[in-house]
Amino acid sequence: MKRDPLAVLARLERQTLDARRGAMVEAQGRQDRLRSRAARRKAAWSEAVEQAVTAEAELDLWGALSRGTRHVLDRAEAERDAQATELVEARAALQASLVELKRLEVLGERRRQRAEAAVLQRERIELDDLAILRHQRERGD
């Protein structure tokens with residue numbers, strides 16, 4: 001049994017598409033976790049700043065704590081921004097796979113339609129030939 005190369009390519013592209021969907025979902029999950037972590041760090045920083053402002057005797061302690069918390073917050077936000085690029089790339093790869101899969105499916109459908117049209121054309125030619133032979137026999141040629 002001969003396999004249609006377009007069907008094989010389409011199947012492979014579907015597998016790639018599934019893998020890219022998984023990567024995009026994973027990247028989206030990481031983005032959500034990083035966003036949540038940044039929000040927690042921002043709340044901790046706000047609390048440290050508030051404590052630093054209200055506690056005069058412990059101003060140095062809370063000031064250092066707020067600076068450290070701010071550093072951690074900045075690092076979390078930078079990590080989230082870097083990961084956002086990965087998410088954009090995953091979405092672009094997914095879109096490219098969708099386009100390629102659609103192209104392969106359209107090519108396969110066109111090939112199938114051309115094959116059906118060729119079969120129908122051959123059948124019409126055979127029927128015409130049979131009709132001509134029958135007509136010639138009836139005329140006595």
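Tutor: Happy to! Let's begin with Leu130, which counts as exposed at 53% relative accessibility; here buried means under 20% relative accessible area, exposed over 50%, and partly exposed in between, with a 1.4 Å probe and protein chains only. Before going further, please keep in mind that this is a predicted model, in which local features need pLDDT of at least 70 and side-chain atom pairs count only at pLDDT 80 or more, while totals for chains, interfaces and linings use all residues. Residues are numbered from 1 along each chain as its sequence is written, and side-chain values use heavy atoms, with hydrogens and water left out.

Leu130 sits in helix α2; helices (H or I, at least four residues) and strands (E, at least two) are DSSP runs numbered from the N terminus. Together with Leu127 and Leu133, Leu130 forms a nonpolar patch on the surface, with about 320 Å² of accessible area in total. Patches are built from residues with over 30% relative accessible area and no salt bridge, joining like charges within 9 Å and nonpolar side chains (Val, Leu, Ile, Met, Phe, Trp, Tyr) within 5 Å. The areas come from the Shrake-Rupley method with a 1.4 Å probe, and for residues only the protein chains shown count as cover.

Now for the charged side chains. Arg134 and Glu138 form a salt bridge, their closest N and O atoms being 3.3 Å apart; the term means a side-chain nitrogen of Lys or Arg within 4 Å of a carboxyl oxygen of Asp or Glu. Both residues lie in helix α2, four residues apart, or about one turn of the helix. Glu138 is exposed at 60% relative accessible area, and Arg134 is exposed too, at 52%.

Arg14 is partly exposed at 37%, and Glu105 is partly exposed at 33%.

A salt bridge also joins Arg30 and Glu86, at 1.8 Å from N to O. This pair links distant parts of the chain, with Arg30 in helix α1 and Glu86 in helix α2, 56 residues apart. Relative accessibility is 21% for Arg30, which is partly exposed, and 36% for Glu86, also partly exposed. Glu26 joins Arg30 and Glu86 in a network of salt bridges. The count comes to eleven salt bridges.

On the nonpolar side, the largest core has six residues: Leu6, Ala10, Leu17, Leu94, Leu101 and Leu104. Such a core is a set of buried Ala, Val, Leu, Ile, Met, Phe, Trp, Tyr and Cys residues joined through side-chain atoms within 4.5 Å. The elements that give two or more residues to this core are α1 and α2. Leaving aside neighbours within four places in sequence, Leu17 is in contact (heavy atoms within 4.5 Å) with Leu94, Ser97, Leu98 and Leu101.

Finally, the whole chain: it has two helices and zero strands, and buried residues make up 17% of its 141 residues.
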